[in-house]
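The tour below goes from one selection to the next.

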Amino acid sequence: MTQTEEMLSELALAAAAAEGRLAAADSLEAVTAAEREVLGRRSVMAEAKKSLGGLDPDRRRDAGRAVNQVRERLEAAAGRARARLAEAARAARYESERLDLTERLNPIRRGRLHLVTQARDRLEDVFVGMGFTVVEGPEVETAWYNFEALNIPEWHPARGEFDTIFVNLGQPEEVMLRSHTSPVQIRTMEARRPPIYVVAPGRTFRADTADATHLPAFSQIEGLVVDRGITMGDLAGTIDEFVKAFFGGEVKSRLRPSYFPFTEPSAEFDISRPDGSWLELGGCGMVHPQVLSNCGIDPEEWQGFAFGFGIDRLAVMRYGLDDIRELVNNDVRFLRQF
Ligand code: DAH
């Protein structure tokens, strides 16, 4: 082997090793180091170039071409290594700076109806299933609808019991936030002729301080039936039927004598608790003949029964809450459970 051949084979070996290092280089520094080692001033390449000077022109041309090819190969390999590293760096940065606009810290939750709305909807369903129609009335009422037509004249003690919130309109104590849904009875009987089978759910208001069992703004549902030959038995049967449909078969109902100016006789109705005790739910009775007459309905021809109770209390009972104020605290963590 001539000296030149020896030099060229040494160069080829060094080049192959350098190519391997370039392909595996994991940093720009590693690329530059490998490059310098094989192409730099003290490299095998530099030695080879130097030795070319001592060759005769023909051999110098061939050997020079061979050396150049090696250099080009190595430069190309270094270029590829740089491009590869630049691409990897860009990809890493791209990944680290990525903003996923569809990503959320909290999964989206479906909204749901408020407990009281759910209870009201179910009540409506149950009564509609029993043949009733749903009606509504205004939340701001006059003394006629809220009291007088319901047989509660101005002097009547029952007026005071309602803790009515009056509105600063018209004569003193003439306009008010309705303190019960019973005025819808009057509006219905004025607007329709019997037979009447309606329920009237809605918001009601009293000047009560909120506590575990009271809210100043709450919801009631009123029931009214006016037809021929209606008796207390129809009332008791209707309440029993409704309680079964709403709470399930195990819950029983009972009526206890009571007093309301707009019914005669009047009763309060209770439902049974699992432990056997009774819980008061609402009031009811046979529509007072005077109330029928007030609405232009002949009490000799028509009889009726009515009932009313709080929807919020019903929700409290059904869901076993220990404080009615939970319904209006608007704590999503609480409301989400239902
Ligand atoms: N309006 C009464 C109240 O809010 C509840 C009530 C009692 C409604 C007897 C009625 C009824 O329809 O017949 O306290």
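This is a predicted model: local features need pLDDT of at least 70, side-chain atom pairs count only at pLDDT 80 or more; totals for chains, interfaces and linings use all residues.

Residues are numbered from 1 along each chain as its sequence is written, and side-chain values use heavy atoms, with hydrogens and water left out.

**Helix H5**

Select residues 115–129, which make up helix H5. Helices (DSSP runs of H or I, at least four residues) and strands (runs of E, at least two) are numbered from the N terminus. The expected span of a helix is 1.5 Å times one less than its number of residues; for the 15 residues of H5 that gives 21 Å, and the end C-alpha atoms are 21 Å apart, which agrees.

Now colour the buried residues of H5: Leu-115, Val-116, Ala-119, Leu-123, Glu-124, Val-126 and Phe-127. Buried means under 20% relative accessible area, exposed over 50%, and partly exposed in between (1.4 Å probe, protein chains only). These buried residues pack against S1, S5, S6, helix H9 (232–247), strand S10 (303–310) and helix H11 (311–318). After H5 comes Gly-131, with a positive phi near 100°.

Next select strand S5, residues 196–205. Eight of its 10 residues are buried, so the strand is mostly covered. Two strands pair if DSSP finds at least two bridges between them. S5 runs parallel to strand S1 (residues 133–134), joined by two bridges, and antiparallel to strand S6 (residues 217–227), joined by 10 bridges. Centre on Val-198 in S5: Thr-133 stands opposite, and in S6 the bridge partner is Leu-224.

**The open sheet**

Show S2, S3 and S4. These three strands form an open antiparallel sheet in the order S2-S4-S3. Strand S2 (140–142) and strand S3 (165–166) stand at the edges with a single partner strand each, so one side of each has no neighbour in the sheet. Between S3 and strand S4 (residues 175–177) there are two bridges; Phe-166 stands opposite Met-176 in S4.

Select helix H8, residues 183–191. Its buried residues include Pro-183, Val-184, Gln-185, Ile-186, Thr-188 and Met-189. Among the elements that cover them are S2, helix H6 (143–146), S5, S6, helix H10 (289–294) and S10. In the loop between H8 and S5, find Pro-195. The peptide bond from Pro-194 to Pro-195 is cis, with omega near 5°.

**The largest pocket**

The largest pocket has a volume of about 830 Å³. Among its 36 lining residues, the closest to its centre are Phe-162, Arg-206, Gln-220, Phe-260 and Arg-313. A pocket is an open set of points on a 1 Å grid over the protein atoms alone, where a 1.4 Å probe fits, with protein on both sides within 12 Å along at least five of seven lines; lining residues have an atom within 4 Å of a point. The volume is the space filled by probe spheres set on the points, which are joined across faces, edges and corners. Helix H7 (157–161), S6, strand S7 (253–260), S8, strand S9 (278–287), S10 and H11 each supply at least two lining residues.

His-156, in the loop between H6 and H7, is buried at 11% relative accessible area. Contact means heavy atoms within 4.5 Å; not counting residues up to four places away in sequence, His-156 touches Asn-151, Tyr-259 and Pro-261. Asn-151 lies in the loop between H6 and H7 and has a positive phi near 70°.

**Strand S8**

Finish at Thr-263, in strand S8 (residues 263–272). Thr-263 is buried at 3% relative accessibility, and its side chain makes a polar contact of 2.6 Å with the side chain of Ser-266. Pro-265 also lies in S8, and a cis peptide bond, omega about -5°, joins Glu-264 to Pro-265.

Terms used
A polar contact is a pair of N or O atoms within 3.5 Å; within protein, one must be able to donate a hydrogen and the other to accept it, and residues adjacent in sequence count only if both atoms are side-chain atoms.
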